[in-house]
Each structure stands twice: as structure tokens, then as C-alpha cells.
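Here is a brief report on one protein chain.

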Amino acid sequence: DVSDDEAVEKASDNRTATHKDSDSKPAVTKKRKQPTECFLSQPEEKQETTVKAKKRKKKKISDILERSTPKPGIPADLQNLLSQHFGENRSVIEIEELKLSDSCFLPANDLTHSFSSYLKEICPKWAKLRKNHKEKKSVVMLVICSSALRSLELIKSMTAFKGDCRVLKLFAKHIKIKEQMNMLEKGVFHIGVGTPGRVKALVEQDGLCLDSTKYMILDWNWRDQKLRRMMDIPEIKKETIDLLEMSIIKLCREGSVKLGLF
């Protein structure tokens, strides 16, 4: 019968279609498993944010210094600095020889003084010292600071103290060391203001003699635009310590030089 044959064909066609549908379903599920690839970019983003966070932390160092309350330098600060600097390379006996008693120090600046008022307080007999000073190649007072620009600022700010005494610039910027040596050899100067590197070089080359020096002032508390003190700058710190070790510490222990922290 024709109708029966048609029915059998339809049934077989339905089975084939069902079989095809069942075969096609796994392909659909396979395609749905692929979107896991979109999550690969997330770890990179985390790394980038971590790097950015670290960079931001570095920029905040000056903010931390700015928020900290300024504290005036005291003799113990310099003593600790010397101990930390020489602690790893020197014996206990050698470090002991670098220690200075409190009697070696002048009164420290309490952050209320101008430079002139501070010098007047620590050196009330300056007029007499200035008058009696006749030696060439030497100064009565040495002022050590971090830069040539700061040296000029200090020279201007000591006008009320220095009177008619002669002040010599002892820094390297625009001034050759031979010029400074010639000036020291030919004339009498009372105050030298400059950087530790140039002062150290002058002492080493016998251009500056410290036998007549009575006072050495470190520009301890002043901060530059980056809020660094002179001892926060590695090069200045090293040169200052070298200068102290070269002769100043010995002269302080002998009682001929007094140290001041401005």
C-alpha cells in the first residue's frame, strides 16, 4: 500500500532528523566553552595597577617630610651620624676616637634664630676675635652648607653680625680653587662660607689652614626645595664627614674648635 510506504519513509526521515539534531548539539556546547579566553587580560591589568601604585608611593616621600614637624639638630644627631657611617668599617676603639663630648659643641639653633642672631649668641666676643686675627691662609669661622646658592644666602643674612670683617666664598661654582688659594695667601679673611667638598680640597692642598679656626658652623636644619637637609644628600654628607674626620674632630677634642648646628 502506497500510504503505508509513505508513512515508513516519514518515520525514517524523522529518525534521521532527530539523529542529526543530537549530533549537532555537542558542537553547540563546544562553542559555549570558548569564552574563557576573555579573562586573560585581567592579570596584566593587575600588574599595571601595582606598578602605578608603587610609582605613586615614591612621589609621596616629600609629602611625608612636609607633614613631619621640623626638629632642631642636636649634638646627639651628629654623633649618631658618625657612628652609623663608620660603624661597619671601624673597630670599637677607632669609633671611640671619633666621639665628641658635649663641651665640643656650641648651643644648637632652636629654629627661632636668624643666622645673624644665632652667631651673636654663640660668639658674643666676635669683635675682639676679628680684631686680633692677623693670620693669612686661615679664617676664624667656617660655615659649611650644601650648595653655592645657599652659601650666598648665608653671607647676605649675616650682615648684622659680621660688621666690617672680610668673608670669603669657599665653593666651586664659577670660582677656581687656585683663585681662592691666592686670595687666602695674600689677604686676611675672618669668615669662610662654602661647601664641604671645596673646603676639604683647600685643606688637602694646603691652601687653607685650620689652626686659627675657632668655630665651625654646619647649616644643619635648612631644607632645599626637595625638603632635604645637607645630611640627607649623600655626596654632601660624605664630604662633610670626610672633612670632620680629616682634622675638625681632632681640633674639637683638643678644645681649639667648637661645632655649631644652625
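## Helix 4 against helix 12

Helix 4 and helix 12 are roughly perpendicular to each other. This is a predicted model. The two helices pack at an angle of about 100°, and angles of 65 to 115 degrees count as roughly perpendicular. Their axes lie 11 Å apart. Helix 4 spans residues 75-86, and helix 12 spans residues 234-254.

Which residues make the contact? Helix 4 supplies Leu78, Leu81, Leu82, His85 and Phe86. Helix 12 supplies Lys237, Ile241, Leu244, Glu245 and Ile249. By class, the contact of helix 4 with helix 12 holds 7 nonpolar residues, 1 polar residue and 2 charged residues.

## The chain overall

The protein chain has 262 residues, of which 36% count as buried. Its secondary structure comprises 12 helices and 5 strands. Take the contacts between residues at least 6 apart in sequence: 75% of them join residues at least 24 apart.

## Helix 8: two sides

Helix 8 covers residues 148-157. Its buried residues are Ala148, Arg150, Ser151, Leu154 and Ile155. They span an arc of only 155° around the axis, so they sit on the same side of helix 8. On the other side, Leu149 and Lys156 are exposed.

What covers the buried residues of helix 8? The cover includes helix 6 (115-122) and helix 9 (159-162). It also includes strand 1 (141-144), strand 2 (167-170) and strand 3 (191-194).

## Helix 11: mostly covered

In helix 11 (196-204), 7 of the 9 residues are buried. They are Pro196, Arg198, Val199, Lys200, Ala201, Leu202 and Val203. These residues pack against strand 1, strand 2 and strand 3, and also against helix 10 (177-186) and helix 12.

Ile175 lies between strand 2 and helix 10. Ile175 has a relative accessible area of 18% and is therefore buried. The cut-off for buried is under 20%.

## The loop from helix 11 to strand 4

Asp206 follows helix 11. Its place is in the loop between helix 11 and strand 4. Most residues other than glycine have a negative phi.

Thr213 is found in the loop between helix 11 and strand 4 (215-218). Is Thr213 buried or exposed? Its relative accessibility is 1%, so Thr213 counts as buried. Not counting residues up to four places away in sequence, Thr213 touches Val139, Val140, Leu142, Ser256 and Val257. Thr213 and Gly192 are 21 residues apart along the chain, and their C-alpha atoms are separated by 10.0 Å.

## The loop from strand 4 to helix 12

Leu227 is found in the loop between strand 4 and helix 12. Leu227 is not a glycine, yet its phi is positive, about 65°. Its relative accessibility is 21%, so Leu227 counts as partly exposed.

Arg228 is found in the loop between strand 4 and helix 12. How accessible is Arg228, and what is its relative accessible area? The value is 31%, so Arg228 is partly exposed. Leaving aside neighbours within four places in sequence, Arg228 is in contact with Trp222, Arg223 and Ile233. Arg228 and Ser146 are 82 residues apart along the chain, with their C-alpha atoms separated by 9.9 Å.

How values were computed:
Residues numbered from 1 in each chain as written. Predicted model: local features only at pLDDT ≥ 70, side-chain atom pairs only at ≥ 80, totals over all residues. Heavy atoms only, no water. Axes fitted to C-alpha atoms, helices over the stretch in contact; angles between N-to-C directions. Helix = DSSP H or I, 4+ residues; strand = E, 2+ residues; numbered from the N terminus. Parallel < 35°, antiparallel > 145°, perpendicular 65-115°, else oblique. Contact = heavy atoms within 4.5 Å. Nonpolar A, V, L, I, M, F, W, Y, C, P; charged D, E, K, R; others polar. Buried < 20%, exposed > 50% of the residue type's maximum accessible area, 1.4 Å probe, protein only. Arc of directions from axis to C-beta.
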